[in-house]
Amino acid sequence: MEQLVQWFEAFLNELPPFLQLIVGMFISLGIFKLLTVVVDAYQNRKTKDE
């Protein structure tokens, strides 16, 4: 796992700053979308049980 993180860091450091910004935005949007999907699934499961 550590090697994967180091590879990803090295890859991002080789990109120009603007592309680093775009990649960071896509990663943060992806994490936000993942969290909203998880919360929606939890709420749907909670309402189904009642």
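**Entry 1: the model.** I'm working from a predicted model, so I keep that in mind throughout.

**Entry 2: the fold.** I looked up the secondary structure and found two helices and zero strands. The helices are α1, covering 2-14, and α2, covering 17-49.

**Entry 3: the overall shape.** I checked the radius of gyration, which is 17 Å for the protein, while a compact globule of 50 residues would come out near 10 Å. The C-alpha trace spans about 50 × 25 × 5 Å along its principal axes.

**Entry 4: the surface.** How much of the protein is buried? I got 4% of the 50 residues.

**Entry 5: the charges.** I counted 4 positive and 6 negative side chains. The centres of those two sets lie 16 Å apart.

**Entry 6: the nonpolar patch.** I found a nonpolar patch on the surface made of Met1, Leu4, Val5, Trp7, Phe8, Phe11, Ile27, Ile31 and Leu35. Together they have about 950 Å² of accessible area. Which helix gives the most to the patch? That's α1, with five residues. Still, α1 and α2 each supply at least two.

Entry 7: I picked Ile31, which sits in helix α2. Its relative accessible area is 48%, so I put Ile31 down as partly exposed. The cut-offs behind that label are under 20% for buried and over 50% for exposed.

Note on methods:
Residues are numbered from 1 along each chain as its sequence is written. This is a predicted model: local features need pLDDT of at least 70, side-chain atom pairs count only at pLDDT 80 or more; totals for chains, interfaces and linings use all residues. Side-chain values use heavy atoms; hydrogens and water are left out. Helices (H or I, at least four residues) and strands (E, at least two) are DSSP runs, numbered from the N terminus. The radius of gyration is taken over C-alpha atoms; the globule rule is 2.2 Å times the number of residues to the power 0.38. Buried means under 20% relative accessible area, exposed over 50%, partly exposed in between (1.4 Å probe, protein chains only). Lys and Arg count as positive and Asp and Glu as negative; His and the chain ends are not counted. The place of a charge is taken as NZ of Lys, CZ of Arg, CG of Asp or CD of Glu. Patches are made of residues with over 30% relative accessible area and no salt bridge: like charges are joined within 9 Å, nonpolar side chains (Val, Leu, Ile, Met, Phe, Trp, Tyr) within 5 Å. Accessible areas come from the Shrake-Rupley method with a 1.4 Å probe; for residues, only the protein chains shown count as cover. A salt bridge is a side-chain nitrogen of Lys or Arg within 4 Å of a carboxyl oxygen of Asp or Glu.
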